[in-house]
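Hi,

Here is the model I promised to pass on.

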Amino acid sequence: MRAHRAAQFDIVKTQRILGHRYVSTTARYIETSQDELDALVLGMDAAPIVAVPAILAVGEVRRPSFG
């Protein structure tokens with residue numbers, strides 16, 4: 001977990017630091033409690049909402065406006 005924290009929680013960097021061949025091996029060694037997972041999922045509700053473009057009708061073409 002110390003290596004993972006040092007790698008700023010990037011699992012690929014952690015894998016390379018530890019010299020594992022597969023990310024799945026690294027993942028087995030990273031301790032994650034259910035409380036941590038619950039907090040992450042609950043925190044997703046607070047994530048900023050990203051505007052999603054409206055769905056166009058079949059055949060409709062909308063050109064971007066630059067002005």
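Below is what I found, going from the whole chain down to single residues.

A word on the ground rules: this is a predicted model, so local features need pLDDT of at least 70, side-chain atom pairs count only at pLDDT 80 or more, and totals for chains, interfaces and linings use all residues. Residues are numbered from 1 along each chain as its sequence is written, and side-chain values use heavy atoms, with hydrogens and water left out.

Confidence comes first. The mean pLDDT (the predictor's confidence in each residue, from 0 to 100) is 79 for the protein chain, and 66% of its residues reach 70 or more. Among the elements, helix α2 (residues 11-18) has the highest mean, 93, while α4 has the lowest, 84.

As for the fold, there are four helices and zero strands, giving α-α-α-α when read along the sequence. Helices here are DSSP runs (H or I, at least four residues) and strands are E runs of at least two, numbered from the N terminus.

Of the 67 residues in the chain, 9% are buried. Buried means under 20% relative accessible area, exposed over 50%, and partly exposed in between (1.4 Å probe, protein chains only). The chain exposes about 6400 Å², with carbon and sulfur atoms supplying 59% of that; areas come from the Shrake-Rupley method with a 1.4 Å probe, and for residues only the protein chains shown count as cover.

Now the loop between α1 (2-6) and α2, where Gln-8 sits. Its phi is near 55°, a positive value in a residue other than glycine. Phe-9 is in the loop between α1 and α2 too, and its phi is near 65°, again positive without being a glycine. Most residues other than glycine have a negative phi. Gln-8 counts as exposed because its relative accessibility is 65%, whereas Phe-9, at 49%, is partly exposed.

Moving into helix α2, you will find Val-12. Val-12 is only partly exposed, since its relative accessible area is 35%. Its C-alpha lies 8.6 Å from that of Thr-26, 14 residues apart along the chain.

Finally, which residues form the negative surface patch? They are Glu-31, Asp-35, Glu-36 and Asp-38. Glu-31 is in the loop between α3 (23-29) and α4 (34-43), and it is exposed because its relative accessible area is 61%.

Cheers

Notes: Patches are made of residues with over 30% relative accessible area and no salt bridge: like charges are joined within 9 Å, nonpolar side chains (Val, Leu, Ile, Met, Phe, Trp, Tyr) within 5 Å. A salt bridge is a side-chain nitrogen of Lys or Arg within 4 Å of a carboxyl oxygen of Asp or Glu. Lys and Arg count as positive and Asp and Glu as negative; His and the chain ends are not counted. The place of a charge is taken as NZ of Lys, CZ of Arg, CG of Asp or CD of Glu.
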